[in-house]
Amino acid sequence: MTGPAHDRIHLVIADDLNGVASHAADLFVRLGQSAAATSGRFAVALSGGSTPRALHALLGAPPSYDAVEWTTVQLFWGDDRCVPPDDPESNYRMARETLLDTLLARGAIGDEQIHRIRTELPPDEAAAAYERELRQSFVLAEGELPRFDLVFLGMGPDGHTLSLFPRTAALGVTDRLVTANYVPKLNAHRVTLTYPVANSAAVVAFLVAGADKAEVLARVLEGPRDAEEYPAQGVTLTGGDLYWLVDRAAAARLQRDVAD
Ligand code: 6PG
């Protein structure tokens, strides 16, 4: 694998999306139990898009649901679209529908454990407000980065991750935890964690499924490094574990089938 250097990179190839979701749920449970037993706090950044839906369904049901100490969980988002929280495009709304409403209805978590990006605000204000919430929740000193226990990421067919899209301004933002990002090809504003935050995580897990991701996955994992064109390559953990949880369809163009 000629991609970016990482301390520890794990490529797991599952049969299908449900297999990817199952590996991701197992990772959530394992890391959550470890965090509950050590720090008593499990800080997770959820991803947007459609891939996480299957994961969220598993986390909201036995056995995963019963294995998580939900009172220790603090839920964040890696990014969101600058739309109202009840908009069909909202990553927060997707998480509400597929997981949070279940957790809240059961009393497993409280609203204070849900740290959404306030995307109803103007983009820069939403980014600044989310940064303040991160600094407060992680009790950060000036210049300190939050260390998420787990960051889930997706990847688009263009190699974007979070809302770090090819050749957009957010790729170069390294002095902030969160930034607004205008995406010309979508003609849309987003709010996203920046690379320094993603790269300071203890564990990052990409969830990638579907034949439409095969070409870009091979390019990102086995091609030359070019994070400007393939922003997922900019996720280069400094002292963490990077997981690629992918299905066979997405892995079809990889030079070799390497399963953990
Ligand atoms: C978003 C996501 C984005 C997503 C990829 C993959 O807001 O859309 O954060 O980075 O993870 O676009 O999306 P799919 O899972 O729908 O393929």
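**Entry 1: Leu 162**

I began with Leu 162, which I located in the loop between strand E5 (150–153) and strand E6 (178–183). The model is a predicted one. I then looked up the backbone of Leu 162 and found phi near 50°, a positive value in a residue other than glycine. I also checked this residue against the ligand: a polar backbone atom of Leu 162 is 2.7 Å from an oxygen atom of the ligand.

**Entry 2: Ligand surroundings**

I then examined side-chain contacts with the ligand. For His 160, I noted an N or O atom of the side chain at 2.7 Å from an oxygen atom of the ligand. For Arg 190, I noted a polar side-chain atom at 3.2 Å from an oxygen atom of the ligand. I followed this with the surface of the ligand, which exposes 420 Å² when taken alone. The protein buries 88% of that area.

**Entry 3: The pocket**

Which pocket is the space taken by the ligand? I found that the ligand takes the space of the largest pocket. I recorded about 380 Å³ of space in this pocket. I counted 24 residues in its lining, and those nearest the centre of the pocket are Gly 48, Gly 49, Met 155, Gly 156 and His 160. I divided the lining by class into 7 nonpolar, 7 charged and 10 polar residues.

**Entry 4: Pro 62 and Pro 63**

Lastly I looked up the peptide bond that joins Pro 62 and Pro 63 and recorded it as cis, with omega about 0°. I placed Pro 63 in the loop between helix H2 (52–59) and helix H3 (64–67).

Methods: Residues numbered from 1 in each chain as written. Predicted model: local features only at pLDDT ≥ 70, side-chain atom pairs only at ≥ 80, totals over all residues. Heavy atoms only, no water. Polar contact = N/O pair within 3.5 Å; in protein donor to acceptor, adjacent residues only side chain to side chain. Areas by Shrake-Rupley, 256 points an atom, 1.4 Å probe, with all protein chains shown as cover. 1 Å grid on protein atoms, 1.4 Å probe; cavity = no way out; pocket = protein on both sides within 12 Å on 5 of 7 lines; lining within 4 Å. Sits in = over half its atoms within 2 Å of the grid points. Points joined across faces, edges and corners; volume = space filled by probe spheres on them. Nonpolar A, V, L, I, M, F, W, Y, C, P; charged D, E, K, R; others polar. Helix = DSSP H or I, 4+ residues; strand = E, 2+ residues; numbered from the N terminus.
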